[in-house]
Amino acid sequence: MRYKVTFVVGLALGYVLGTRAGRERYESMKKSAREFAQNPAVRNAAETAGHTGRVYAGKAYAVVSEKVGDAVPASLVGRVRGLRDRSGGVEDDWGTSNT
């Protein structure tokens, strides 16, 4: 019985000390991540990457629209429009015929 009590006390003490050390480490990692994200060089790189992604997405959209044309089913067109409306997207000619 004495060993069980000793084991439980040791387990509880290890848990308390471990969670405190873990919490301190978590807080330091959170602080480091926040400082990293606020770095102007990192912000510029993220902004550039986002802009480049939007440019390539626009080019891909144009190529797919040319190749697919009017072959897109009406049900898919409605879903894409619904997603665009829900996300506050920009107006485009997706699903409209150019004839």
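**Figure 1. The salt bridge between arginine 23 and glutamate 27.** In this predicted model, arginine 23 and glutamate 27 form a salt bridge, and their closest N and O atoms lie 3.0 Å apart. The structure holds one salt bridge. Because the two residues are four places apart in helix α1, about one helical turn separates arginine 23 from glutamate 27. An α-helix has 3.6 residues a turn, so residues three or four places apart point the same way. Side chains of opposite charge can pair when their charged atoms come close. Glutamate 27 has a relative accessible area of 31% and is therefore partly exposed.

**Figure 2. A nonpolar patch on the surface.** The patch consists of Met1, Val5 and Val9, which together have about 340 Å² of accessible area. Methionine 1 is located in the segment before α1 (2-37). With a relative accessible area of 76%, methionine 1 counts as exposed, because the term applies to values over 50%.

**Figure 3. Helix α2 and its start.** At the start of α2, a side-chain oxygen of asparagine 39 comes to within 3.1 Å of the backbone nitrogen of alanine 41.

**Figure 4. The chain as a whole, with its three helices.** The chain contains three helices and zero strands, in the order α-α-α from the N terminus. Of the 99 residues in the chain, 4% are buried. The accessible surface of the chain amounts to about 8,700 Å², and carbon and sulfur atoms account for 62% of this area.

Conventions. Residues numbered from 1 in each chain as written. Predicted model: local features only at pLDDT ≥ 70, side-chain atom pairs only at ≥ 80, totals over all residues. Heavy atoms only, no water. Patch = residues over 30% accessible without salt bridge, like charges linked within 9 Å, V, L, I, M, F, W, Y side chains within 5 Å. Areas by Shrake-Rupley, 256 points an atom, 1.4 Å probe, with all protein chains shown as cover. Salt bridge = Lys/Arg side-chain N within 4 Å of Asp/Glu carboxyl O. Buried < 20%, exposed > 50% of the residue type's maximum accessible area, 1.4 Å probe, protein only. Polar contact = N/O pair within 3.5 Å; in protein donor to acceptor, adjacent residues only side chain to side chain.
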